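Okay, thanks for coming, everyone.

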Amino acid sequence: MSLVTFGETALRFSPPDVQRFETAREASIRVDGTASSVAATAGRLGADAQWLSKVPDTPLGRRVVAELHEFGLETEVVWADPDTGRQGLTFHEDADPPRAERLLQDRGDTAMATLTPGELPMGEIQNADVVFTSGATLSLSETAADTTGALLRAAAGMRAFDLGFHPGLWDAEDALDALADLLPAVDTLFAAEEQVSAVFDTTGSPREVVHTLATEYDLTRVILTRSEYGAVAYHDGVIHEQDAIETSAVDEAGQHEAFIGATLQQLAAGADTDEVLLHGVAAAALSRTLSGPLTPLEPSEVERLVDSQQSRRP
Ligand SMILES: Nc1ncnc2c1ncn2[C@@H]1O[C@H](COP(=O)(O)OP(=O)(O)O)[C@@H](O)[C@H]1O
Ligand SMILES: O=C(O)C(=O)C[C@H](O)[C@H](O)COP(=O)(O)O
C-alpha cells in the first residue's frame with residue numbers, strides 16, 4: 001500500500017538529561033515532525049511510504065532531509081531559496097515531576113509556510129492509498145492551511161489527519177476555525193485526548209467524544225489516543241476500545257506517531273479496527289522503549305507483541 005504524508009519537520013534541540021536551556025552547555029539535535037515520523041514508522045512496518053515537504057536549501061534544511069534519508073525514509077522535497085523561508089526549530093527540555101517538560105516552538109516564517117499546491121507532485125497525492133498530514137501543518141500560515149485543504153481534496157484514497165494541536169504554534173480558537181474548513185476533506189481523524197479537550201467543545205466519556213466528533217464532522221473514523229489508557233475508535237456506528245500495553249518509558253517522544261504509523265499501515269492493508277488498534281498500541285509501546293522522536297521499530301517485534309497480547313485474550 002502507498003502512503004504519502006506532508007508537513008514540516010523541525011530540528012529538535014534537547015539538552016542532556018533533565019537540564020534547562022538556560023544553563024545547558026550542549027544539546028542533541030534530532031528531527032521531529034509528525035508527518036515524517038508517521039511515514040517513517042509505516043515504512044518500517046511494510047508500507048510504501050513517502051514524506052513530502054518544502055525545506056530551505058540551507059545547512060539546517062539539508063540536515064533534516066539527510067537524517068530522514070539515513071533512517072530509510074523516501075522523501076520528495078521542494079528545496080526553497082533561503083530567502084523564502086527558514087528551517088523550523090523546536091527546543092525540548094525533559095523534566096522529572098513535579099517539574100514539567102517544556103517544548104519551545106521556533107517555527108515562524110518557515111519555508112513550509114509558503115508551500116502552494118502546484119509545488120508538490122499532485123499525481124503522487126492523487127494516487128496514494130492513504131494521504132496524511134497534521135494540525136501543525138495547518139497552523140504554519142494561511143497559505144499552508146489553504147494548501148493542506150487543496151491537497152486533501154485532491155486525494156482519491158483515504159484522507160487521514162492528526163489534530164496535532166501544539167501550544168506555541170497557535171491558539172484553540174484559530175485551530176477550530178481552520179478545522180471547520182478542513183475536516184470536510186478528512187475521512188479518518190486521529191487525536192490525542194487532551195488535545196481534543198483543548199480545541200473542541202466536547203464533553204462526556206471517550207466513547208461519547210469519538211461518536212460526537214464523527215457525527216458532527218461527518219468522519220468515517222475517529223481514533224482517540226489516550227496515553228496510558230490506550231485508544232478508542234469509532235467506525236461504522238461501532239465503538240472499539242484497546243488498552244495500552246504497560247511499559248516504562250525511556251522516551252515518550254514519537255509514541256503518538258508510532259501509533260498512527262502502525263494503524264495507517266494496518267488500515268491500508270485491510271485489517272479490521274480491533275487489529276488496527278492493537279498494532280497501534282504495540283508500536284507505541286515499543287517506541288516508548290527507544291529514545292528520540294524517530295524510532296526504528298522492527299516489524300517482527302511488533303507482530304510478536306501483537307501475538308502475545310492476542311494469546312492473553314480470553
Ligand atoms: N504511560 C503509557 N503507558 C503505556 N502506553 C502509553 C503510555 N502513554 C502513551 N502510551 C501509548 O502511546 C499511544 C499514543 O499516546 P498518546 O495518547 O498519543 O500520547 P502523547 O500524545 O502524550 O504522545 C497510546 O495510545 C498508548 O498506546
Ligand atoms: O509535526 C509537527 O510539525 C509538530 O509540531 C510535531 C511536534 O513538534 C512534536 O511532535 C511535538 O510532540 P510532543 O513531544 O508530543 O509535544
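**Helix packing, cores and a loop residue**

So, helix α1 (residues 34–44) packs with helix α9 (residues 255–268) at an angle of about 50°, and their axes are 8 Å apart. Helices here are DSSP runs of H or I with at least four residues, strands are E runs of at least two, and both are numbered from the N terminus. The axes are lines fitted to C-alpha atoms, for helices over the stretch in contact, with angles from 0 to 180 degrees between N-to-C directions.

Before I go on: this is a predicted model, where local features need pLDDT of at least 70 and side-chain atom pairs count only at pLDDT 80 or more, while totals for chains, interfaces and linings use all residues. Residues are numbered from 1 along each chain as its sequence is written, chains are lettered from A and ligands numbered from 1 in the order in which they are written, and side-chain values use heavy atoms, leaving out hydrogens and water.

Back to the pair. α1 and α9 count as oblique to each other (under 35 degrees is roughly parallel, over 145 roughly antiparallel, 65 to 115 roughly perpendicular, the rest oblique). On the α1 side, T34, S37, V38, T41 and A42 meet residues of α9 including E257, I260 and L264; contact means heavy atoms within 4.5 Å.

How many of α1's residues are buried? Nine of eleven, with buried meaning under 20% relative accessible area, exposed over 50% and partly exposed in between (1.4 Å probe, protein chains only). Those buried residues pack against β1 (2–6), β4 (48–56), α2 (59–70), β8 (130–134), β9 (158–162) and α9. Just after α1, G46 has a positive phi of about 120°.

Now the cores. The largest nonpolar core has 50 residues, and W51, F132, F190, F259 and L264 have the most contacts inside it. A core like this is a set of buried Ala, Val, Leu, Ile, Met, Phe, Trp, Tyr and Cys residues joined through side-chain atoms within 4.5 Å. Helix α10 (residues 273–288) gives the most to this core, with nine residues.

α10 also packs with helix α11 (residues 299–312), at about 120° with axes 9 Å apart. That pair is oblique too.

Last stop: Q87, in the loop between β5 (74–80) and β6 (89–93). Buried or exposed? Q87 is buried, at 7% relative accessible area. Its side chain reaches the backbone oxygen of T9 at 2.9 Å.

How values were computed: A polar contact is a pair of N or O atoms within 3.5 Å; within protein, one must be able to donate a hydrogen and the other to accept it, and residues adjacent in sequence count only if both atoms are side-chain atoms.
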